[in-house]
Amino acid sequence: MQSLYFCRGLRTIFRCLILLLSGVPLWATAQVNLNDSCVSADIIQINLGIGLPAADLADRFGPHALVGGGYLYKTKTNWLFGVTGNFIYGSKVKEDSILQNISNEDGFIIGTDGLQYDPLLWESGYDVMFQAGKITNILGINPNSGLTFIAGAGFLQHNIWIYADEAVMPQLNKAYRKGYDRLSNGFMLEQYIGYYMFSNTFFVNFHAGIEVQEAFTQNRRPVNYDTGLPDTAKRLDMLINLKLGWNLPIFDQPKIVYYY
């Protein structure tokens, strides 16, 4: 009997996951008609994107990718409020001379085993944003879709991620890597223009657009080991991102009215 209940429970969870991943609202699926009127909803987002750095960030990194998600609340008047976050990563590090003081003339690090090693350098970072915006009726195919404008404020952090085998390169152990990674963070602003789409077919709930981010950052390490000096310069780090995401809406259960 316990096995039967367990199997039924797994089946229920599996069905809910399918509904969630397909964008089907978990409540009021039959009562909500998005073609008739604006409705309020809780929106879970899954975001993917690619982007280019600008300003000071372009001197350090090349193109990047991002993946993240968030939560937005959509009002009946198509206002959006919520929070989102993204992990940022990229394989192009332009500031690649940070290990020159522990490298040989060919740019390699000599390990404890006498062999030459070339540590892997990557861009790594994340952002967290509080957002507010509006879905307009411009190009809208129903009252809940259209050209969308969003502004946000939050936090950006980025650094140079260094992969090295500590067993043969003790000069790049966890503690020493902090002196080379250029960890920087600070307050960030965001502007987004794109299109939000909500459909009764439920498989077509997406958003796509362009966002521009401006972060006012500073190096947070006491000293850079390659220069032997602290870095107190104020930075303007900008990101220009093309984003595509899925909206997973959860609509409110309409009130039931009884007539006598």
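**Cavity, pocket and barrel**

Mentor: In this predicted model, the lining of the largest cavity is made up of three nonpolar, five polar and two charged residues.

Trainee: Which residues line the largest cavity?
Mentor: They are Q45, N47, T84, Q131, I150, Y192, Y196, H207, E211 and K243. Strands β1 (41–55), β8 (184–197) and β9 (206–219) each give at least two residues to this lining.

Trainee: What makes E211 and K243 the charged part of that lining?
Mentor: Glu and Lys count as charged, and the lining has two charged residues, so E211 and K243 are those two.

Trainee: Why is this space called a cavity?
Mentor: Because a 1.4 Å probe fits there but cannot get out. The largest cavity holds about 70 Å³ of space, and the search of the whole structure finds one cavity of 30 Å³ or more.

Trainee: What makes the other space a pocket?
Mentor: A pocket is an open set of points, so the name tells you that this space is open. The largest pocket has a volume of about 220 Å³. Its lining has 13 residues, with D96, L99, G107, D118 and L121 nearest the centre.

Trainee: How do you know that β7 and β8 pair?
Mentor: Pairing needs at least two bridges. Strand β7 (residues 146–163) and β8 share 13 bridges in the antiparallel sense, so they count as paired.

Trainee: Which strands form the closed barrel?
Mentor: Eight strands do, in the order β1-β2-β3-β6-β7-β8-β9-β10, with antiparallel pairing. Neighbouring strands of this sheet are turned by 25 degrees against each other on average, direction ignored.

Definitions and conventions
Residues numbered from 1 in each chain as written. Predicted model: local features only at pLDDT ≥ 70, side-chain atom pairs only at ≥ 80, totals over all residues. Heavy atoms only, no water. 1 Å grid on protein atoms, 1.4 Å probe; cavity = no way out; pocket = protein on both sides within 12 Å on 5 of 7 lines; lining within 4 Å. Points joined across faces, edges and corners; volume = space filled by probe spheres on them. Helix = DSSP H or I, 4+ residues; strand = E, 2+ residues; numbered from the N terminus. Axes fitted to C-alpha atoms, helices over the stretch in contact; angles between N-to-C directions.
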